[in-house]
Structure formats: C-alpha cells, structure tokens
Amino acid sequence: MSSPETGPPDDLSAVAPRLRDLRRRAALTLEAAAASAGLSPAHLSRLETGHRQPSLPMLLALARIYGTTVSELLGETVADRDAVVRGAEMEPTAAGGWTYRQAGAPGRGMQALRLHVPHGSQGDIVRVHPGEEWLYVLTGRLRLRLGDTTHRLAPGDSAHFDSLTPHRIAAQDPDGVELLFVHTLLQSPTSALCLGGPAPSHHGDMP
C-alpha cells in the first residue's frame, strides 16, 4: 500500500482506459462528463490518458456519473455476488491520501467502504452530489462540516445526510480516523463533486 508521498498504487494506472470506455458507454462527451464531475475537460482527458492519477473523491464522482462503483472502475471483480464480505478479503487501496476497503459487493445500488482518513488529508475539499451518505466512526475523531455547521464525531457516532448538502470530512486526531461509509450510486447529469474547496479556480488541478 502506498502513502500520499509515494503516490497512488500501480493498479490505478489501469483506470485510465476504463474511464474513457465508461464515458463513451454512457454517451457522454468529455466536456459533459468533466462538468458533471466538477473537473476541467483537460484534467479529465489527462485522467483518461493516464497522465494524472485520480483521487478517491474523483473516483467516487465518476463512478456515480457512469452508474458504476469504484471497485468496478479499478477492475476489481468477484466470482459471484456473495452477501457476505470477509474482512480478510478486503484488500486496501490508496487514493488521494485515503485508504479504503470495499465492504460490499459490486453492482449494487449503494456502495459500502471502510475508510481510513489521515490527518490533514483533503480536509479542504467540499463535496456536493445527488444521493445520500451514511458514515460511522470506528476509531479516532471526525470533523464533519454540513453546510455552515461543523460536527465533531467520536467513536460510535454516526451521520446520515443528503449529499446535496455541501460537506467536508477531516480527521481531527493526528492518527487519523477510521470510518464505515455507505453512499448511494446515482447516475445523473447533474452529479457533481466540488474539489479543492468552493473556489472554481481549484477545479481540475487537484493532485
């Protein structure tokens, strides 16, 4: 597993052709898909050609737009749709500083993840998209901003909210925070993820 300093893992290099194929299958132009994901067309083009690596929030946004899951974007497959996912089978994947494990089967109407969010990672990113999100704090303390209100969640606390509400997630403790995270997968032309804060000038230039 790689760290934010060493960059994303090698298996993310295979995402580029899948991003292009899924966009074409969804009958979306580069400009339309980029606008829905809150990216510039140039940045999405770099992702599709493998010149830039997507962060986990970018993967989440594109998966919603294309009506698929992050696991399928990464080419992860399972032999069948088993109702049970064993902890030992949850392989860690790093993206954008976060580490996540798939906690549910692909091809469902919602996606379940186990996330580790390091301290200082993506805490300034504002997310806005259709659907719902639910999270549960396993370890550490979480700072969750919903609209203009900041909530501090401790282990055992949870939150369930409409993800059209602008929201930010950040670890409050130096050791980071471990979460269970569930979100709905909606394919919508209005799907968008605001990256790098509310200023439009930040879009398309996140590492």
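Trainee: Is Arg 114 buried, partly exposed or exposed, and what is its relative accessibility?

Mentor: Arg 114 counts as partly exposed, at 34% relative accessibility, where buried means under 20% relative accessible area, exposed over 50% and partly exposed in between, with a 1.4 Å probe and protein chains only. This is a predicted model, in which local features need pLDDT of at least 70 and side-chain atom pairs count only at pLDDT 80 or more, while totals for chains, interfaces and linings use all residues. Residues are numbered from 1 along each chain as its sequence is written, and side-chain values use heavy atoms, leaving out hydrogens and water.

Trainee: Which side chain does Arg 114 meet in a salt bridge?

Mentor: Side chains of opposite charge can pair when their charged atoms come close. Here Arg 114 meets Glu 178, with 3.0 Å from N to O, the term requiring a side-chain nitrogen of Lys or Arg within 4 Å of a carboxyl oxygen of Asp or Glu. Because Glu 178 lies in strand 9 (residues 177-184) and Arg 114 in strand 3 (residues 110-117), the pair ties together parts 64 residues apart in sequence; strands are DSSP runs of E, at least two residues, and helices runs of H or I, at least four, numbered from the N terminus. Glu 178 is buried, at 12%.

Trainee: How many salt bridges are there in the whole structure?

Mentor: The search finds 4. Among them, Glu 48 pairs with Arg 23 at 2.6 Å, N to O, linking helix 3 (residues 41-48), which holds Glu 48, to helix 1 (residues 15-25), which holds Arg 23, across 25 residues. Glu 48 is buried at 5% relative accessible area, and Arg 23 is buried at 10%.
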